[in-house]
Amino acid sequence: MALSEFQLFRPKTIQSAVALLAQHKGDIQVLAGGTDLLPSMRQKLFAPKYVLDIRGVEELKRIRVLAGGGLEIGALVTLSQIEDSEFIRRNYPVLRKAAMTIASPILRNMGTIGGNICLDTRCLWYNQSYAWRTSCGFCIKKDGSLCHVAPGGSKCWAVFSGDTPPALLCLGAEIEIAGPGGTRRIALADLYTGLGDTRLKIAKDEMLTRVFIRESMSGYRGAYQKLRVRGSIDYPLAGVAVIVKSSGRHAPVQDAKVAITAVNPSPMLVVGADHALIGRAVDEHIATVVGELAARTAKPLTTSALTPEYRREMIKVFAKRAVLEAAAG
Amino acid sequence: MQKEFSIIGKPVALVDAAQKTTGLGKYTDDLSLPGMLVGKILHSPYPHARIRKIDLTRARAVQGVVAIVTGQDAPTSYGILPIGHDEHALVVDKVRYVGDNIACVAATTEAAAENALELIDVEYELLPAWFDPEDSMKAESNLIHENKPHNIEKEYHHVFGDPERGLAEADYVAEARYMANEVTHAAMEPHSTLASFEFDPQTGKQGRLTVWSSTQVPYYLQHKLSLVLDMPMSQIRVIKPLVGGGFGGKSEVIPLEIIAAVAARAAKTPVKITYTREEVFWAHRGRPRTIIDLKTGVKNDGRITAVRARVVQDGGGYCSYGPVTILYSGALLGALYDIPNVQYDGYRVLTNKPACGAMRGHGTVNVRFAFESQLDEICAHLKLDAAAVRRKNLLKPPCVTVNGLRVLSYGLPECIEKVANASQWPVRRGRLGRGRGIGMACSHYVSGAANSIIKSDMPHSTVNIKIDRDGGVVVYTGASEIGQGSDTMTAQIVAEVLGCSMKRVKVIAADTDLTPIDLGSYSSRVTLMSGNAAQRAAEDVRKKIEQAAAKKLNCSQEELVFRGDLIWRRGAELENTGEQLRAQGRIEGQILRESVLQERKEQDARDHLSFEEAVVAAIDFSGTLTGTGSYAPPADARGGKFKGAGVGPSPAYSYSAQVAEVSVDEETGQVTVHKIWAAHDCGRALNPVAVEGQVVGSVWMGLGQALQEEMIWKDGLLMNPGLLEYRSPSSVESPEIETFIVESVDPEGPFGAKEAGEGSLAATIPAIANAIYDAVGIRLREAPFTPERVLAALRAQKSQKKVNMTEGVDPERPVSFREHGGSLCFRGKGPTRHPLDPAVREQSKAEQPSPVGGDD
Ligand SMILES: Cc1cc2nc3c(=O)[nH]c(=O)nc-3n(C[C@H](O)[C@H](O)[C@H](O)COP(=O)(O)OP(=O)(O)OC[C@H]3O[C@@H](n4cnc5c(N)ncnc54)[C@H](O)[C@@H]3O)c2cc1C
């Protein structure tokens, strides 16, 4: 499958990158590691006239401990860098655990955190070649008007399948978005639309530049549990991230967060999970309750392998296990 | 023959290993020729449709397009079997599966070719399509091939012994339906073909054709090209470069191989086509999904009295190897155990899906899964030990089975012994605690088919050898190295017979201009058949060397010893000086000046010759030094006379026994295989590392089919046509495998060797199924045992709240194949189509359809 023709830009600064985005608004696509974008371009899911390779922007390749505390991660930081960061391992273990489950070592050397956050949503009816999609009459996300997964509706259910965003949601991460008018900073939770097709609340002339994690979020124990069929190179079929803060294994939980991925069009914080956990010592029962809450948030459909019913059951099990694992430290 | 071998039986590196690992070796897609174009194929978006019209006007106008060909450019049908010529490289009237081949664009760039594909206008008349094999068998109209009533490609009904009585005499009869979903080869190298015509120097017209192709069967390809292109075989040369795995997927002619030649003819310049991974899935020829209704009768002590099997295979849209597959499924019920009474009803059914064909363990795997599972169920029911019951039903070779298979060597008892001991079977089976278990299963396979596809008396393999004054041994063999080690095996055998070093031997293989006919690399035939031919060719040429050497050494031919690049008279003590002599011999042998030769002649008769000296002497003596050998299976190994008796008989059978150890996560249904003990009887291990590699590879491939690999269908649409979604195991979940080589030394094999590449696969799936049963007491009768199937069975066992996790199919009592969710998308499928399907919406634009279904 040939890549269609495009013009490649390789800016060295955020400013020039954003200027190019503004200039070619709508016809241009950001390329970071390219591990998601390039296969999709071969399948003709995207045929941008211009491609903006931002890998020349050196300042986005750093993990930086901020003077006032907290952490800044440049959008171009690779998943391997996150895996190898001693600081992240010590302070934000959930992020490292999630990053380590992604794809394979080679893909993690290429893939970036920015790309993982902005990852396109996936669906068995969408991530296919042009010829294949012709045979199903296309779908609502690309070139068509029907959702094969939920044919009654007009909503796209393509599923968000990134592994690090649930961890980042737990950590209350914020992101910096650069546009022609300068930068703005929003909670990561506000980035996602909840719809498979529009997916990100980011304007066509904007790009993600940095991720911030507050210092107060360090020291949480964390766990990431991922449902997969194959031991490596497998997108999550369901994923659960959990962070827990307490003074000891059996001490009451002071704070906690639970987030899930790969079962909705966006990664989601599990509402109420913190309330269920705070003030109590974690045990099997509480963990099960959290599992139920997580399953209520999940909306798995036939976008992916295995059955939706099974994936929903697994959200329960994996959430329970992640809570127990995080509590055990 | 010497008792101790110098080359065979030693773990030698494969002769092409360095080429492959350094990237120097060339596979077909690495090749290019001046003026070469890229070929891209237009595939059908519909599962079943008549083609009314193909308009190429818009596509032809695309810049860079040189030629576009359609079915009209090659209207002759073909197929791998003489009884199954039902394919066209490019369809002429009908498409029969999503992915069927309609047209090919040859263009200067891939992008131009792909753009042109989108501009080919095809008018279809859509036909109702058949997706489920048991539905398809009921078809009265809209047949997939008009000459196949009820869409049945072939059916066979075999009765051996008296199964009726056998079942009546049984103390216990087990009966169940088993289902195995469809799997494909997933060879690393996608299919690729480069075709180029020469211009005839006399006429200036297109003359000879050369085709480089990733194939297991160069001669069949030459034959089918000749048929479809209407050219004499002598004008066609097929060359097989390095091949990155086949597993059966390249064991017949695949559409691109003919399309490339047809396109090159039209474009008047070389054309190369390399399939995308998706196209590889559409070309398929994998293992059909199979329904097995199995009944086994036993005495209380576990002795089998009768087996009755009804097998339905979902063969896809074309014949391919179908009749052979369905026959193997029945025939290989025999030759593993002693079963006195067998009834077999096999149906090969056509459906609107990509064609199935031969895949590693061809025909035997799914039925073996059913049989070995049922045997385990019987053991559980009668409280018998699974190893003991297998021992109770052993054959007593030499013998001929009830269905006419001749068995001479039989290492199965020793295989069972080895894995039972190593796994501590007697003390660990049933005693590992809930959640962990071990299971046993056995399997076997042919070492080549005793009867070739095309009935004839020709040898199945021929090997020629040429030795020249440089002392180099060049072996010409038609056998196709596809990664299994065929070239290495050939070199080893020749070197062993000639007593020369491996590096002296050059193997020229699989080039139809240079090498004699060999049927190809399939049905595990190469080591036995081509190996025998190589051995005979080497013995032939050795005889000529012996004659000259005996003269030189003043002794009889029988007294000569060939070993370590030296030839000496038996009794001469040469061991310690060997290295020195070899060095000397090399220099002398290669300097062919008269003075040196003269000098040698004047020397006294010696007690040894270097290999070169002997070769030079032999050439001086007889003019040329060549040898030839061929192999055809013996008449008494060719099986019975009944209809379908031709498939199953083999010169020799390999045997395998395995024990798998698994644990089951009862909350998730995930199965972890911790270890597999695999014993394989390969007759003699010519190259033990290669044998181990084949056994380990077979087990891992079986593991994939057991736990995670399956082609997921929705209305004939393959939902996972890629290696990301078609989940072959990665190294992470591939367990430790301890292999045991059993050497039963078969009288028919070269140095006693039998097959090693396929036989182990079939045991892995039931060994795992049986281990799961041992661990948690559930009996999975539908493969693969994916976590949702395992969990569904576990929940049923515990009578927990029922959640439909398996799309309505009970994995313990499967009835029919499932479809993966979503709306129905094909026109003409029938009345059950989803109202919001695009086709229906188009039809009823005026009426507003009411939204139905969906999860929203
Ligand atoms: C075989 C395979 C397996 C995989 N398995 C997993 C897995 O298990 N888990 C997982 O999470 N991912 C997986 N991936 C996806 C991918 O490798 C990772 O998500 C990776 O982090 C993506 O980063 P990238 O830099 O390569 O993204 P790119 O491909 O460069 O970009 C991805 C998307 O984000 C946009 N984008 C990138 N950077 C920015 C930015 N700074 N601002 C705005 N938009 C941006 C791009 O335009 C594009 O739409 C897999 C990919 C492959 C090919």
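I took helices (H or I, at least four residues) and strands (E, at least two) as DSSP runs, numbered from the N terminus.

**Basis.** The model is predicted, and I kept local features only at pLDDT of at least 70, side-chain atom pairs only at pLDDT 80 or more, while totals for chains, interfaces and linings use all residues. Residues are numbered from 1 along each chain as its sequence is written, chains are lettered from A and ligands numbered from 1 in the order in which they are written, and side-chain values use heavy atoms, without hydrogens and water.

**Pocket.** I looked up which elements line the second largest pocket. Helix 8 (130-135) of chain A contributes at least two residues, as do strand 1 (37-43), helix 3 (110-118), strand 6 (121-126) and helix 8 (277-283) of chain B. By class, I noted 13 nonpolar, six polar and nine charged residues in this lining; Ala, Val, Leu, Ile, Met, Phe, Trp, Tyr, Cys and Pro count as nonpolar, Asp, Glu, Lys and Arg as charged, and the others, Gly among them, as polar.

**Backbone.** I then turned to the peptide bonds and phi angles. Most residues other than glycine have a negative phi, and most peptide bonds are trans. B:Pro397 and B:Pro398 are joined by a cis peptide bond with omega about 0°, and B:Pro398 sits in the loop between helix 11 (386-392) and strand 16 (399-400) of chain B. I found another cis bond from B:Ala783 to B:Pro784, omega being near 0°. B:Pro784 belongs to the loop between strand 31 (782-783) and helix 21 (787-797) of chain B. B:Lys383, not a glycine, has a positive phi of about 55°; I located B:Lys383 in the loop between helix 10 (365-382) and helix 11 of chain B.
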